[in-house]
Amino acid sequence: MIGIISYGSGNINAIATIYKKLNIKYEIISKPEDLDKAERLILPGVGAFDATMRQLIDSGFKEKLEELVIIKKRPILGICVGLQVMGNGSEEGSMNGLGWIPGRVKRFDIDKINQAPKLPHMGWNTVSDLRKHPLFDRIDSDFGFYFVHSYYFECDYEENILSTSEYGGAFCSSIYKNNIFGMQFHPEKSHGNGVQLLKNFAEFELC
């Protein structure tokens, strides 16, 4: 069962609708103690870094997620700010992140961007799968995914970069480490590619 974490931040209904159409069992989880019954977890996020971290702490999800993800190795997929809080911190705020994957969130350098409007990076963009990971199986690389963000995750270690995209230069568009995955783009807004990626996350076998 896929547990979609509802902590006050994120587009959870769109994700739930996709899994319902795929006939994949899911549950929207609003209490930390209910996370135990989920085999895989999705951490959505919309908005500012500090506000998202505060919601995770105040709701009790942060402590429970540490137990399930770090100790019990439960697979988790972070989306947008749900990816960003997996790092150590962000230029957008002052709070510490979850610290699951070494790196920090940085704002795009607008001097390197020719497109208008320069920020946020909004719309469709292609994604280069660097690791040929099963999470990207049967994805149309020319079609890409939908992005809305002004900040990106800069990994400390190249081995944690799952994919890159281009916007004023290459940036990390997805990250991973063992059972932890994060996407800067929005699969729930990415039509066929997004549906396929969420299906892959529900079904692929962890190494």
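A residue is called buried when its relative accessible area is under 20%, exposed when the value is over 50%, and partly exposed in between. In this predicted model, Asp36 has a relative accessible area of 36% and is therefore partly exposed. Asp36 also belongs to a network of salt bridges that links it with Lys64, Glu67 and Lys72.

**Salt bridges around helix α3**
- The count of salt bridges comes to seven, and one of them joins Lys64 to Asp36, with the closest N and O atoms 3.0 Å apart.
- Because Lys64 lies in helix α3 and Asp36 in the loop between β2 (26-29) and β3 (40-43), the pair ties together parts that are 28 residues apart in sequence.
- Lys64 is buried, at a relative accessible area of 14%, and it forms a further salt bridge with Glu67, where the closest N and O atoms are 3.2 Å apart.
- Glu67 and Lys64 are three residues apart in helix α3, and so about one helical turn separates them, while Glu67 is partly exposed at 26% relative accessibility.

- Lys199 and Glu203 form a salt bridge at 2.9 Å, N to O, and both lie in helix α5 (residues 191-203), four residues or about one turn apart.
- Lys199 is partly exposed at 26%, as is Glu203 at 44% relative accessibility.

**Packing of α2 against α3**
- The axes of helix α2 (residues 49-59) and helix α3 (residues 61-71) come within 5 Å and cross at roughly 85°, so the two helices are roughly perpendicular to each other.
- Met53, Leu56, Ile57 and Ser59 of α2 make this contact with Phe61, Lys62 and Leu65 of α3, a set comprising five nonpolar residues, one polar and one charged.

Definitions and conventions: Residues numbered from 1 in each chain as written. Predicted model: local features only at pLDDT ≥ 70, side-chain atom pairs only at ≥ 80, totals over all residues. Heavy atoms only, no water. Axes fitted to C-alpha atoms, helices over the stretch in contact; angles between N-to-C directions. Parallel < 35°, antiparallel > 145°, perpendicular 65-115°, else oblique. Contact = heavy atoms within 4.5 Å. Nonpolar A, V, L, I, M, F, W, Y, C, P; charged D, E, K, R; others polar. Salt bridge = Lys/Arg side-chain N within 4 Å of Asp/Glu carboxyl O. Buried < 20%, exposed > 50% of the residue type's maximum accessible area, 1.4 Å probe, protein only.
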